[in-house]
Amino acid sequence: MSDEPRTGAGSTPLGRAWRRAVTAWRRFEGFHQEVFEARWGHARQREARTQQDTLRALLMLESLGVDNPVAYETLDLIPYMVADLHEWHQRMGRREFGAPGGCC
Amino acid sequence: MPAVAVLLGTLAIFALAYRFYSAYLAKRVYALDPDFTTPAHTLKDGVDYLPTNKHIVLAHHFISVAGAAPIVGPAIGVFWGWGPALLWVVLGTIFGSGAHDFGSIVVSLRSKGRSIGTLAGDVIGARARILFLLIIFFLVTLVNAVFAIVIAGLFVSTPETVLPVLVTIPLAIAVGQVVYRRRTAALIPSIIALVLVYACIPLGQLLPISLAPVAEATGISENLLWIVVVFAYAFVASRLPVWLLLQPRDYINQHQMVMALAVIMIGVIVGMDTIAAPLFRDTPADSPPIFPLLFITIACGAVSGFHSLVASGTTSKQLNKETDARYVGYLSSLGEGTLALCSILACTAGVMVYSANSGTDWGTLYVDWEAASADPQGMFVEGVAGFASNIGIPESMALVFGALVIVSFAVTTLDTSVRLKRYVIQEIATITAERFSSGSASRRALSFLARNVTLATLIAVLIPFALTMVPGDFAVGTLWLLFGTTNQLTAGLALSVIAVWVTKRHRNPVMILIPLVFLVIMTVWALVIQLGDFAASGDAMQTFLLAPLDAIILVLALWMMVEAAIALYKAWKNPPAPEGAPGGGAEGGTGTAGASALTDDSATDAGKDEGESK
């Protein structure tokens with residue numbers, strides 16, 4: 001912002017006051033956002049995690065030998081599942097996660 | 001006495017208390033360490049544990065603990081005069097709530113951010129955990145019942161409120177969709193939604209929604225019909241994802257709280273009204289005694305056990321530095337006290353500005369205990385309308401505005417306390433299931449209940465609904481006193497945990513013990529008086545429902561006294577607990593096993609959700 005040329009409306013006292021008002025508003029908006037994020041963010045993320053765990057459990061049924069009628073379609077999801085497999089199995093209380101596929 | 005003098009004088013006392021007394025607590029009692037690494041850093045997971053700016057934590061903590069309860073309690077409590085009510089609010093906030101909320105955060109911080117329920121088990125003993133769950137169970141049951149009655153009463157007395165309240169639901173969902181789908185900040189959409197809600201006030205006056213015709217056709221009272229609607233809503237709301245309704249509705253409702261506080265304070269300053277109520281009132285002969293009932297009637301706003309759930313549920317997991325606990329814990333208590341102060345002023349000064357009451361004597365509004373406890377929310381609404389008229393808002397609109405504030409608070413309280421109760425039911429089911437042999441039918445049934453969210457929610461709704469169905473004219477007033485006793489018991493339990501934790505470190509616990517002993521004495525005294533009244537009433541419902549309920553809460557109170565006394569004695573006798581000692585509440589608190597996954601999560605969630613439920 002400081003690199004912008006101080007010309008036009010921004011360089012007048014009114015323009016500077018406007019800029020300060022906009023900056024103050026943005027700061028207040030950010031504060032407001034963070035307050036409600038602090039209040040609800042964990043509950044939302046917990047719900048998202050529960051949904052992801054359910055999806056993961058369904059996908060992993062196949063690895064346990066249970067037929068998945070939409071295996072062809074869900075094959076694309078496996079790489080996404082592997083990405084956070086480690087965090088998931090540790091959260092589930094398993095320090096290590098071996099076969100099938102292996103992790104750590 | 002000019003209301004503005006009381007307002008400014010009390011705020012000045014609160015400021016001094018923060019400057020000096022909270023500093024004493026921080027230095028001598030809780031011994032805050034600026035170099036202590038908080039759980040937000042050591043256990044950072046981006047979900048629950050996250051270092052957060054202290055101003056943000058304060059705002060989040062305050063809006064979590066502020067609700068309808070600190071409004072309704074003082075609205076009844078001024079029955080004994082504004083002096084005792086104000087004195088209890090001021091002293092309770094400074095020496096009770098301040099120490100309680102601040103201490104709950106500190107003890108939780110020093111115990112890996114554990115919830116107060118888990119800490120009760122760790123610090124006092126395993127039985128205390130069960131005790132805590134039972135007290136919370138009764139607390140949320142009574143909260144649900146009371147606020148359903150309050151909302152139904154307002155819908156019947158002010159049908160103009162129904163439309164703006166109903167409109168809030170689709171507006172909240174719309175705000176949520178805008179915020180999440182467009183990934184925009186919530187401030188502007190939520191302000192627009194609030195403006196639209198207020199725009200519906202004149203519409204609500206044109207189209208008042210009443211269930212009177214349905215009541216006439218079915219033969220069911222209108223209040224009961226609204227109670228059914230309210231509980232049905234609470235069931236659905238608590239089963240929906242939080243991002244769909246609860247969070248976006250919070251944007252609208254919390255802004256209403258800010259608006260209400262602003263209207264009251266500006267109205268007091270502009271109007272320069274005097275307090276019409278007497279300082280100390282010579283109450284009618286058959287009135288309940290001020291000791292101990294004032295201290296039960298005004299629970300939230302002076303001391304509230306609910307705050308310990310929020311303090312240990314989310315706040316302690318977000319603090320960046322241990323020294324922030326003073327700023328967040330103590331200041332939010334003062335904020336709650338200010339809300340109670342506003343309620344006192346509305347019901348003693350603003351209510352007389354309201355045109356329908358002008359020219360009458362204040363004593364006729366609070367003519368006896370029945371009148372005082374029958375419609376406290378109505379007194380507050382009229383008081384807000386009076387103050388709002390001071391700043392040029394038409395009185396008829398201001399009346400709906402006041403009712404809208406109460407309903408918004410109460411609805412938030414209701415559905416989030418239903419969620420809290422669901423967690424408690426699931427947790428009790430889990431713990432109880434472990435006592436039965438593996439494979440037994442009882443264990444299977446309890447395990448099913450522990451896992452089935454819908455069933456647990458249904459039970460959480462049906463129990464308070466059954467309580468509201470009980471015929472008789474005890475509605476708000478009587479249930480409110482029982483709610484007050486359970487709330488003070490929760491505060492007593494949290495103060496016990498804090499006192500034991502402080503004593504284990506061989507610091508002086510006297511400033512924790514004073515509010516603890518006071519609360520326990522007042523609670524037990526009130527329970528004994530109420531038990532006698534219920535038993536002698538001759539009314540079947542009071543004798544066979546409320547008297548046993550009162551007796552159960554009394555047993556829980558006595559149980560708590562015994563547990564706390566034993567734990568305090570042991571803590572004082574033993575050498576100072578080294579940091580990291582099991583049960584010492586230090587950083588390395590004991591681990592929990594088995595059901596602890598649900599237990600800890602439930603307690604954590606309970607704290608989070610309970611936040612909205614005061």
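**A note on chains A and B**

1. From its N terminus, chain A runs α-α-α-α, with four helices and zero strands. Helices (H or I, at least four residues) and strands (E, at least two) are DSSP runs, numbered from the N terminus. Please keep in mind that this is a predicted model, in which local features need pLDDT of at least 70, side-chain atom pairs count only at pLDDT 80 or more, and totals for chains, interfaces and linings use all residues. Residues are numbered from 1 along each chain as its sequence is written, while chains are lettered from A and ligands numbered from 1 in the order in which they are written.

2. Of the 104 residues in chain A, 8% are buried (20 or more other C-beta atoms within 10 Å of a residue's own, with C-beta atoms placed from the backbone).

3. Where the chains meet, 16 residues of chain A and 22 residues of chain B take part; contact means C-beta atoms, placed from the backbone, within 7 Å. The chain A side has six nonpolar, four polar and six charged residues. Here Ala, Val, Leu, Ile, Met, Phe, Trp, Tyr, Cys and Pro count as nonpolar, Asp, Glu, Lys and Arg as charged, and the others, Gly among them, as polar.

4. The largest nonpolar core has 213 residues, and those touching the most other members are B:Ile151, B:Leu345, B:Val384, B:Ile406 and B:Val497. Helix H7 (residues 126-157) of chain B gives the most to this core, 22 residues. Such a core is a set of buried Ala, Val, Leu, Ile, Met, Phe, Trp, Tyr and Cys residues joined through C-beta atoms within 7 Å. Beyond residues up to four places away in sequence, B:Leu345 touches B:Ala3, B:Val6, B:Leu7, B:Ile264, B:Val268 and B:Gly350.

5. H8(B) is worth a look: a bend of about 25° falls at B:Ile169, and a proline, B:Pro170, follows within four residues. The bend is the angle between axes fitted to the seven residues ending at a residue and the seven starting there. Among the buried residues of H8(B) are B:Val165, B:Thr168, B:Leu171 and B:Val175. Their cover includes H7, helix H9 (187-206), helix H12 (246-271) and helix H19 (395-433) of chain B. Just after H8(B), B:Arg183 has a positive phi of about 50°.

6. Finally, B:Ala340 sits in helix H15 (residues 324-353) of chain B. This residue counts as buried because 29 C-beta neighbours lie inside 10 Å. Although B:Ala302 is 38 residues away along the chain, its C-alpha atom is separated from that of B:Ala340 by 7.9 Å.

Methods
A residue is buried if 20 or more other C-beta atoms lie within 10 Å of its own, exposed if 12 or fewer, and partly exposed in between; C-beta atoms are placed from the backbone. Two residues are in contact if their C-beta atoms, placed from the backbone, lie within 7 Å.
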